[in-house]
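Please walk through the structure shown here, from its overall build down to single residues. The paragraphs below take the parts in turn.

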Amino acid sequence: MLHLLSLHYTGSEQAVEPFIRDHVAYLERHHKEGTFLVSGQTVPASIGGAIIARGVDRLAIERIAAADPFVTNGVATYSITTITPGRTHPELASLLGPGD
């Protein structure tokens, strides 16, 4: 199971600035744990960001998203799309593994 997390700023980019350090620590923690596969800013950056996550169910990813410092400080929200992969590029198959 994969999840696409779309992060949307609720205000200006300047409103998120005080929370960037904590947000980056949050991203690094979940990348290290293997839950986040990819994360980055949107283009243009003023929209927010996106994350591709794996290895957890829908309820768990909702809890993870709710714990983002941007969300807990009221400067961003997430929309989450859960995906059951039907076809996977061979180079990604070993990363995603069975049952993810």
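At 1% relative accessibility, Tyr26 counts as buried, where buried means under 20% relative accessible area, exposed over 50%, and partly exposed in between (1.4 Å probe, protein chains only). Phe36 is buried as well, at 3% relative accessibility. This is a predicted model, in which local features need pLDDT of at least 70 and side-chain atom pairs count only at pLDDT 80 or more, while totals for chains, interfaces and linings use all residues. Residues are numbered from 1 along each chain as its sequence is written, and side-chain values use heavy atoms, with hydrogens and water left out.

The protein as a whole comes next. Its secondary structure comes to 5 helices and 4 strands; helices (H or I, at least four residues) and strands (E, at least two) are DSSP runs, numbered from the N terminus. Along the sequence they follow the pattern β-α-α-β-β-α-α-β-α. For 100 residues, a compact globule would have a radius of gyration near 13 Å, and the 14 Å of the protein agrees with that. The radius is taken over C-alpha atoms, and the globule rule is 2.2 Å times the number of residues to the power 0.38. Taken along the principal axes, the C-alpha atoms fill a box of roughly 40 × 25 × 20 Å.

Of the 100 residues, 28% count as buried. The accessible surface comes to about 6100 Å², and 57% of this belongs to carbon and sulfur atoms. These areas come from the Shrake-Rupley method with a 1.4 Å probe, and for residues only the protein chains shown count as cover. Among contacts (heavy atoms within 4.5 Å) between residues at least 6 apart in sequence, 71% join residues at least 24 apart. There are 7 positive and 10 negative side chains, and the centres of the two sets lie 6 Å apart. In this count Lys and Arg are positive and Asp and Glu negative, with His and the chain ends not counted; the place of a charge is taken as NZ of Lys, CZ of Arg, CG of Asp or CD of Glu.

How many aromatic pairs does a search of the whole structure find? The search finds 2. Rings of Phe, Tyr and Trp (its six-membered ring) pair if their centres lie within 6.5 Å; planes under 30 degrees apart count as stacked, over 60 as edge-to-face and the rest as tilted. Tyr9 and Phe70 form an edge-to-face pair, with 6.1 Å from centre to centre and 75 degrees between the planes. This pair links distant parts of the chain, since Tyr9 is in strand S1 (residues 2-9) and Phe70 in helix H4 (residues 69-72), 61 residues apart. Tyr9 is buried at 14% relative accessibility, and Phe70 is buried with a relative accessible area of 2%. The pair of Tyr26 and Phe36 is also edge-to-face, at 5.8 Å centre to centre and 70 degrees between the planes. Tyr26 lies in helix H2 (residues 20-33) and Phe36 in strand S2 (residues 36-41), so the pair ties together parts that are 10 residues apart in sequence.

Leaving aside neighbours within four places in sequence, Phe70 is in contact with Leu7, Tyr9, Val16, Phe19, Ile20, His23, Val75 and Ala76. The C-alpha atoms of Phe70 and Asp57, 13 residues apart along the chain, are separated by 22 Å.

Strand S2 also holds Leu37, which is partly exposed with a relative accessible area of 26%. Beyond neighbours within four places in sequence, the contacts of Leu37 are Leu2, His31, Ile52, Arg54, Leu95 and Leu96. Leu37 and Ile52 are 15 residues apart along the chain, and their C-alpha atoms are separated by 5.6 Å. His31, in helix H2, counts as partly exposed at 29% relative accessibility. Not counting residues up to four places away in sequence, His31 touches Phe36, Leu37, Val38 and Ser39.

Pro44 has its place in the loop between S2 and strand S3 (48-54), and a cis peptide bond with omega of about 5 degrees joins Val43 and Pro44. Gln14, in helix H1 (residues 13-16), counts as exposed at 53% relative accessibility. Gln14 and Ser46 are 32 residues apart in sequence and 9.6 Å apart in space, C-alpha to C-alpha.
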